[in-house]
Amino acid sequence: MTDKLNELTAAGVAVWLDDLSRVRLSSGGLDQLRREKHVAGVTTNPTIFAKALSDADEYNWQLRDLATRGVDVEEAVRMLTTYDVRWACDVMRPSYDGSDGVDGRVSIEVDPRSAHDADKTVAEAKALWWLVDRPNLFIKIPATEEGLSAITDTLAEGISVNVTLIFGLDRYSAVMEAFLAGLEQAKANGHDLSKIGSVASFFVSRVDSEVDKRLEKIGSDQAKALKGKAAVANAQLAYERYTEVFSSDRWKALAAAGAHPQRPLWASTSTKNPDYRDVIYVEELIADGTVNTMPESVIHAYADHGETRGDTVTGSYDAARKVFADLESVGVDMADVIATLEREGVEKFEVSWQELLDGVTKSLNAAAQGTGSPNKAATDNAKAADKAGGA
């Protein structure tokens with residue numbers, strides 16, 4: 001049988017898993033995906049952790065210890081999540097070593113409630129980097145306006161960064177600028193640039209969800225014909241900007257000092273509309289030097305029936321620009337779409353984070369009182385958090 005995921009990898013797309021749990025770690029499931037499904041990295045978010053902590057008794061011993069110590073819920077959440085991420089970093093270490101530090105990365109997010117506070121974001125990024133203490137860690141920082149300076153300042157400390165919640169082209173350009181400035185400062189600070197990694201997580205399916213909703217409301221045949229086209233076009237034009245920035249003289253000077261490029265990472269790649277092909281956001285975004293982070297279901301779907309047709313991004317730029325022009329002509333305000341998605345993206349992760357805190361609080365109380373399985377107290381919160389979704 002054809003190894004479709006190997007074909008995807010050979011085309012220059014790194015396959016990453018958008019999920020993590022202690023059960024996946026203790027069962028060897030993550031290592032199996034690394035060995036058998038070419039998974040070369042892991043992304044997490046508050047929703048994923050909320051679900052993980054509610055689903056298994058694997059966390060009970062640690063919850064009991066934390067309750068016995070009397071730690072507050074904020075510390076408990078960080079102890080629980082960094083434990084899993086540290087373990088995952090160790091599992092993915094062969095991919096990290098085998099790719100000269102490019103792949104094998106595992107991401108953990110700063111508190112999304114600090115998304116508009118650059119100083120807090122940098123302070124937490126440094127704390128998480130110290131807590132996990134693994135070279136193949138990524139600190140996830142939201143690409144808000146305030147987050148841009150935090151990205152630069154965190155990279156300047158020699159800390160690797162996954163920039164998340166990117167929806168629009170102009171913000172993506174600003175993210176790349178923040179990356180270059182961060183590496184330049186890191187070099188000036190004496191850090192080894194070859195050890196610093198970064199990806200820019202450009203969200204995909206949520207764009208179609210928001211645009212399709214607006215097209216449906218417009219209701220014309222011309223509008224409905226554009227459904228399902230915005231997200232891929234948006235990502236394709238992002239890759240065009242990536243190729244321009246990372247062929248510049250400014251970048252070449254950093255590359256000569258050992259720096260790795262900040263790869264585009266396609267996030268939110270599971271289809272939200274059942275009418276769309278379940279691997280469309282993988283097949284239509286194949287380009288060298290990219291990452292596609294997928295839920296396990298999408299990884300298995302691609303392994304089963306994905307089609308690697310070579311580069312499906314380069315050369316698509318004029319067609320993508322026509323999609324944008326057509327959207328504007330029927331009355332879709334893409335600037336408003338992007339602003340809405342960024343605002344909602346931060347809000348969804350803030351809600352998930354609060355639900356994670358609430359769930360862990362209940363679990364700690366249950367553990368302290370000895371009232372059965374601590375993690376079961378958080379199940380309702382995690383189910384609610386799971387609805388928020390996102391990569």
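Both faces of strand E4 are covered in this predicted model: Leu137, Ile139 and Ile141 are buried on one side, and Phe138, Lys140 and Pro142 are buried on the other. In a regular strand the side chains alternate between the two faces of the sheet. Because six of the six residues of E4, which spans residues 137-142, are buried, the strand is largely enclosed by the rest of the structure.

E3, helix H8 (residues 118-132) and E4 form a right-handed β-α-β unit, and from E4 the chain crosses through helix H9 (residues 145-156) to E5 in a β-α-β crossover that is right-handed.

Turning to the whole protein chain, there are 19 helices and eight strands. The radius of gyration is 21 Å, close to the 21 Å that the globule rule gives for 391 residues, and the chain is therefore as compact as a globular protein of that length. Along its principal axes, the C-alpha trace spans about 60 × 50 × 50 Å.

Buried residues make up 57% of the 391 residues, while the accessible surface of the protein chain comes to about 15,300 Å², with 48% of it belonging to carbon and sulfur atoms. Among contacts with a separation of 6 or more, 79% are between residues 24 or more positions apart.

Technical notes
Residues numbered from 1 in each chain as written. Predicted model: local features only at pLDDT ≥ 70, side-chain atom pairs only at ≥ 80, totals over all residues. Heavy atoms only, no water. Buried < 20%, exposed > 50% of the residue type's maximum accessible area, 1.4 Å probe, protein only. Helix = DSSP H or I, 4+ residues; strand = E, 2+ residues; numbered from the N terminus. Right-handed = clockwise from strand over helix to strand, strands pointing away. Rg over C-alpha atoms; globule rule 2.2 N^0.38 Å. Contact = heavy atoms within 4.5 Å. Areas by Shrake-Rupley, 256 points an atom, 1.4 Å probe, with all protein chains shown as cover.
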